[in-house]
Amino acid sequence: MDFAATKALFHLPEGMIYLDGNSLGPLPKATAARVAKTVTDEWGEMLITGWNKAGWMAQPTALGDRIGRLIGAEAGHVTLGDTLSIKVYQALASAIDLNPDRKVILSDTGNFPSDLYMAAGLVGSLGRGLELRTVAPEDVMASLSKGIAVLMLTQVDYRTGRMHDMAALTKAAHDLGIVTVWDLAHSAGALPVDLAGCNADFAVGCTYKYLNGGPGAPAFIYVAPRHVATTRPALSGWLGHAAPFAFDLDYRAGTGIERMRVGTPPVLQMAALDAAMDIWDSVDMDALRARSIALSEAFIAGVESACPELRLASPRDANMRGSQVSFHHPEGYAIMQALIAAGVIGDFRAPDIMRFGFTPLFIDEGDVGRAVDILAEIMRDRTWDQPQFKQRAAVT
Ligand SMILES: *Cc1c(COP(=O)(O)O)cnc(C)c1O
């Protein structure tokens with residue numbers, strides 16, 4: 001893999017080291033023209049005929065298959081649409097249906113809050129006496145039991161990068177009759193995932209983080225082949241119907257993954273994602289993983305030697321981490337704002353975590369070295385200790 005070549009495919013602002021591709025991926029250079037073409041040649045010239053002529057209606061599954069290659073999904077079992085929170089709700093509702101006699105949804109306290117909020121909302125709506133139970137991430141395996149209906153986890157922790165063993169947990173869950181829902185928000189495009197090999201049941205994820213689909217890019221959902229024909233879509237919108245244009249008054253689920261579609265796809269966002277996937281189509285995920293580990297290890301070693309007051313929040317063992325590295329510091333917010341002002345973009349997650357994403361498609365050793373040097377300077381000079389760096393913004 002030639003990562004200098006992939007770096008050249010992105011627009012990276014002059015003087016900026018962007019270590020936040022885990023939160024919002026940067027702009028591929030081809031995206032603006034690709035979106036403009038959809039706007040002018042397709043929307044502008046074709047108008048409503050674009051749904052057929054430009055393939056707009058087929059985009060969610062066509063793009064789904066290209067994402068599917070990165071996450072080890074069988075062809076034809078991934079579709080796109082809506083936001084990740086919505087896809088979590090859909091996957092969880094379908095998973096609960098597969099275990100109607102059990103009452104517990106198990107998740108962990110490292111999960112992203114929206115996943116837990118959506119689960120709590122669903123539990124409330126169903127009114128079947130279901131319980132959402134969260135345990136510490138390291139206690140998940142020991143908490144599996146025959147009373148649990150669904151195990152719902154995010155594979156890679158959004159704050160620390162700590163990674164669950166998807167294969168082992170899925171197997172242990174299945175041995176007890178538990179259905180699994182995996183959130184791949186910080187996995188897809190970050191490391192190799194093997195959904196089919198793990199025998200995963202449902203998976204979801206977003207495309208605006210590592211996949212570089214742009215702000216507001218649609219989420220994806222995977223349903224295992226063995227479930228898809230019997231999965232009941234909780235969000236039974238017209239585009240998940242077997243024949244949307246028959247306009248039947250009664251809902252009949254579409255064949256296969258199509259039934260997980262809800263409403264009109266975001267055509268302009270999918271044009272942007274299409275341009276990003278042109279880059280991903282040629283990426284070898286094992287090579288990407290090796291490079292992500294090398295960059296992360298270099299950053300940890302550099303920060304620990306230059307900034308002893310920062311404490312590693314991520315697992316030290318690279319095999320237990322995704323593609324991000326976090327450090328604790330009580331003044332983490334202010335330090336991160338000082339870093340951003342100096343052109344090194346990471347982010348802050350409450351209460352005290354400074355988070356840095358390593359995205360090998362456009363970050364290289366030179367970026368890592370410079371980021372360490374700038375951080376070391378900020379710590380040495382206490383540049384962060386100024387009022388303007390302590391003012392909290394709405395988005396951290
Ligand atoms: C980023 C992220 C989300 C965000 O959900 P949206 O509906 O796309 O805003 C949800 N869950 C996890 C685990 C995430 O990392």
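Author: A polar side-chain atom of lysine 209 lies 2.5 Å from an oxygen atom of the ligand. This is a predicted model, in which local features need pLDDT of at least 70 and side-chain atom pairs count only at pLDDT 80 or more, while totals for chains, interfaces and linings use all residues. Residues are numbered from 1 along each chain as its sequence is written, and side-chain values use heavy atoms, with hydrogens and water left out.

Reader: How do you know that the length of helix H5 agrees with its number of residues?

Author: The expected span is 1.5 Å times one less than the number of residues. For the 14 residues of H5 (84–97, a DSSP run of H or I with at least four residues) this should give 20 Å, and the end C-alpha atoms are 20 Å apart, so the two agree.

Reader: Why is H5 called mostly covered?

Author: Buried means under 20% relative accessible area, with a 1.4 Å probe and protein chains only. Of the 14 residues in H5, 11 are buried, including Leu84, Tyr89 and Ile96. What covers them includes helix H6 (113–126) and strand E7 (148–154), a strand being a DSSP run of E with at least two residues.

Key
Buried means under 20% relative accessible area, exposed over 50%, partly exposed in between (1.4 Å probe, protein chains only). Contact means heavy atoms within 4.5 Å. A polar contact is a pair of N or O atoms within 3.5 Å; within protein, one must be able to donate a hydrogen and the other to accept it, and residues adjacent in sequence count only if both atoms are side-chain atoms.
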